[in-house]
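Please look through the structure below before reading on. The paragraphs that follow go from the whole chain to single residues.

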Number of protein chains: 2
Amino acid sequence: MTSEPLESQPIPAGRLEGFAAEAFQAVGVPLGDAKTIAQLMTRIDLRGLDGHGIFRLPQYIQRIKAGGINVNPNIRIARETSSTALIDGDNSVGHLAVGEAVRVAMEKAEKCGVAWVGTNNSNHAGAASIYAMMPLERDMIGLYVAVGSANHLPPWGGIEMLLSTNPIACAIPGLEESPIVLDMATTVASYGKVKMAAERDETMPEGWMIDVKGNPLTDPKRAEEGFLLPIGGYKGYGLALIFGLLAGTLNGAAMGRDVIDFNKDQGTLTNTGQFIIALDIKAFADVEMFKRNVDGVIRTMKESPPLPAVEKIMVPGEQSDEKRKQRNRDGVPIPKSLLARLDTLAAELKIRTLV
Amino acid sequence: MTSEPLESQPIPAGRLEGFAAEAFQAVGVPLGDAKTIAQLMTRIDLRGLDGHGIFRLPQYIQRIKAGGINVNPNIRIARETSSTALIDGDNSVGHLAVGEAVRVAMEKAEKCGVAWVGTNNSNHAGAASIYAMMPLERDMIGLYVAVGSANHLPPWGGIEMLLSTNPIACAIPGLEESPIVLDMATTVASYGKVKMAAERDETMPEGWMIDVKGNPLTDPKRAEEGFLLPIGGYKGYGLALIFGLLAGTLNGAAMGRDVIDFNKDQGTLTNTGQFIIALDIKAFADVEMFKRNVDGVIRTMKESPPLPAVEKIMVPGEQSDEKRKQRNRDGVPIPKSLLARLDTLAAELKIRTLV
């Protein structure tokens with residue numbers, strides 16, 4: 001799934017960002033917000049997280065047009081203590097609600113050492129890692145969890161899809177090394193990856209999905225006939241469940257049967273929940289020494305002997321960081337099929353096409 | 001692995017606790033501390049986490065006798081902010097250092113909404129879930145992560161065991177339902193389970209371990225010739241790595257190549273690290289309403305339709321809670337081989353035998 005699609009066209013990141021910003025403006029999102037969202041979406045594409053960036057633009061726009069997202073939200077702190085807050089996103093584009101949550105978390109962590117900030121009335125916010133990475137600028141560790149925007153996972157042993165892929169992301173800085181950035185769904189594959197596989201006419205490996213009879217499902221175009229499998233069986237189910245309770249239920253956000261499938265239902269409020277923890281490194285250690293020790297761990301892992309068939313050992317985030325450098329230089333490869341849909345979108349919105 | 005061993009003898013929990021407390025006292029642990037540790041160890045056995053309770057007693061005692069654990073520690077706060085603390089365990093029995101970390105975390109969370117407390121110079125503290133469950137008494141959610149006490153996991157694609165099984169536990173209360181209690185290693189199986197399988201002369205399923213050539217390893221007595229596999233491949237590796245950085249490196253505790261194998265080396269300081277997050281529910285929601293909503297999620301999961309071969313759908317912690325009730329009533333089944341080792345221990349320490 002990490003290979004570039006054959007039929008794609010490289011687009012400069014700046015152009016992607018400009019296109020997305022214009023699209024959001026065309027449906028009534030104020031200029032500043034449109035730019036913020038577009039910048040975050042482009043950051044996602046640059047890191048190679050193709051299922052969560054510009055790929056989602058037509059869906060976001062469609063939802064706004066259907067009245068399912070508020071383009072003039074009053075994002076506010078609904079509840080707070082010195083180290084916690086609950087952000088009411090007022091049904092904004094998810095990127096805005098979560099961005100505000102991260103800002104509040106960093107401010108509180110600066111004073112208290114750690115902060116845990118949750119959201120409700122938020123929406124799909126793209127890839128988890130970009131939010132976990134924001135605290136890095138302040139020498140903080142970020143840890144982010146979201147309730148996914150559609151249920152694709154039954155409880156372990158069940159067949160009713162009551163859980164989402166509920167991802168976790170965590171970013172930990174190195175000194176000379178790039179930060180460790182974990183970004184993972186609690187399922188073997190994210191639904192975004194399944195959608196990208198369909199987009200690219202690829203077959204999924206066994207182990208990603210099964211059908212309702214328990215048989216392997218490998219055709220991503222048949223994804224609706226089955227469900228995703230959790231990592232480590234009941235363990236991944238357990239993680240998805242507690243992440244859903246912490247990011248959803250605790251925040252008064254949707255969880256379990258209340259989660260709307262935002263791929264199918266454009267008008268109903270999703271009431272998506274997320275949470276971010278910002279952890280101030282200096283509360284625990286000398287910042288430079290800590291980063292140097294992280295470098296040491298990274299190098300120990302990377303320089304350790306590989307299995308015969310393995311070219312090199314990597315750390316989480318390394319591949320995305322390499323993609324970022326490469327795509328900043330060469331542009332973001334956009335599959336032709338997605339390009340066609342973005343052209344249709346441009347025509348609908350009466351904005352300039354991407355290319 | 002959940003089946004009771006055939007050759008075992010049920011021991012009342014109170015007797016287990018008394019035996020463990022006497023054993024610790026016999027090697028110089030003060031009465032109060034000995035009772036605290038014994039109580040926590042018995043709580044682990046009652047919950048069916050057999051690889052982490054009384055099973056570990058001979059090893060703990062051996063380490064104390066070898067000078068690898070300090071029986072008169074000065075457990076203290078080495079660093080703190082309003083919402084964080086770093087506890088220096090002074091090489092105490094892990095149960096004492098972590099117990100203190102949880103106490104400090106709850107106190108800080110009561111004032112600030114959330115607290116994150118780490119440990120260093122700690123030791124193996126048994127099963128993760130008992131610490132995650134402590135905040136439940138104060139209507140708080142507990143989330144606990146530990147660096148394991150021996151490296152059994154290489155980085156993904158590697159063959160050098162640089163990571164431990166670094167477990168996570170999380171406890172979330174229901175109102176009428178038992179709390180959700182997740183307690184999982186980031187490997188498919190914990191090393192404790194492997195040791196129990198060896199103890200019980202059982203074969204391990206494929207997928208738990210591989211040998212250095214990458215072939216499945218199913219004989220638990222050959223465990224030293226191979227290594228554990230992470231859940232979800234690179235995802236479990238990623239979790240083990242960030243948990244190690246957060247519970248180890250950030251706290252100035254051992255991580256990566258610095259982790260001592262406490263199964264083999266009894267005298268060297270382990271400098272084990274852990275962290276606990278206590279999250280005050282009332283900072284986010286009305287406590288009773290939240291618990292009721294958790295009940296709702298639990299029931300939704302449990303009442304959903306199962307796969308044909310599945311008897312009932314469970315939630316994390318349910319099986320351990322059933323075990324607790326059953327073992328409180330019928331006693332804790334101790335395998336004969338363990339019983340023999342505890343008899344040897346009793347003779348060594350000149351204390352009354354378990355039975």
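Into which domains is chain A divided? The assignment gives domain 1 (10-65 + 329-355), domain 2 (73-187 + 230-316) and domain 3 (191-229); these bounds come from an automatic or database domain assignment. This is a predicted model, in which local features need pLDDT of at least 70 and side-chain atom pairs count only at pLDDT 80 or more, while totals for chains, interfaces and linings use all residues. Residues are numbered from 1 along each chain as its sequence is written, and chains are lettered from A and ligands numbered from 1 in the order in which they are written.

On confidence, chain A has an average pLDDT of 95, and 98% of its residues reach at least 70; pLDDT is the predictor's confidence in each residue, from 0 to 100. The model has an ipTM of 0.95 and a pTM of 0.96.

Ten helices and twelve strands form the secondary structure of chain A. Here helices (H or I, at least four residues) and strands (E, at least two) are DSSP runs, numbered from the N terminus. Chain A is as compact as a globular protein of its length, because its radius of gyration of 20 Å is close to the 20 Å that the globule rule gives for 355 residues. That radius is taken over C-alpha atoms, and the rule is 2.2 Å times the number of residues to the power 0.38. Along the principal axes, the C-alpha atoms of chain A fill a box of roughly 55 × 55 × 45 Å.

Of the 355 residues in chain A, 57% are buried. A residue is buried if 20 or more other C-beta atoms lie within 10 Å of its own, exposed if 12 or fewer, and partly exposed in between, with C-beta atoms placed from the backbone. Among contacts in chain A between residues at least 6 apart in sequence, 65% join residues at least 24 apart; two residues are in contact if their C-beta atoms, placed from the backbone, lie within 7 Å.

Return now to the domains. The centres of domain 1 and domain 3 of chain A, taken over C-alpha atoms, are separated by 26 Å. Six residues from domain 1 of chain A and six residues from domain 3 of chain A take part in the contact between them. On the domain 1 side, two of these residues are nonpolar, three polar and one charged. In this scheme Ala, Val, Leu, Ile, Met, Phe, Trp, Tyr, Cys and Pro count as nonpolar, Asp, Glu, Lys and Arg as charged, and the others, Gly among them, as polar.

Within chain A, A:L217 belongs to strand β9 (residues 216-217). A:L217 is buried, with 21 other C-beta atoms within 10 Å. Leaving aside neighbours within four places in sequence, A:L217 is in contact with A:M209, A:I210, A:D211, A:R222, A:E225 and A:G226. A:D201 is in the loop between α6 (191-199) and β8 (209-211) of chain A. Although not a glycine, A:D201 has a positive phi of about 55 degrees, and with 13 other C-beta atoms within 10 Å it is partly exposed.

How is chain A laid on chain B? A turn of 180 degrees and a shift of 0.0 Å along the axis does so with an RMSD of 0.0 Å, which is the relation of a two-fold axis. The superposition is by least squares on the C-alpha atoms of residues with pLDDT of at least 70 in both copies.

Chain A and chain B each bring 58 residues to their contact. On the chain A side, β3 (84-88), β4 (114-122), β6 (168-172), β7 (180-184), α7 (234-247) and α8 (287-302) each supply at least two residues. That side divides into 35 nonpolar, 19 polar and four charged residues. The copies meet through the same surface, because 100% of the interface residues of chain A are also interface residues in chain B.

Two residues show contacts across the chains. B:S82 is in the loop between β2 (76-80) and β3 (84-88) of chain B and counts as partly exposed, with 16 C-beta neighbours inside 10 Å. Beyond its neighbours within four places in sequence, B:S82 is in contact with A:S82, A:C112, A:G113, B:K108 and B:C112. A:P306 lies in the loop between α8 and α9 (318-330) of chain A. With neighbours within four places in sequence left aside, the contacts of A:P306 are A:K312, A:I313, B:G157 and B:G158.
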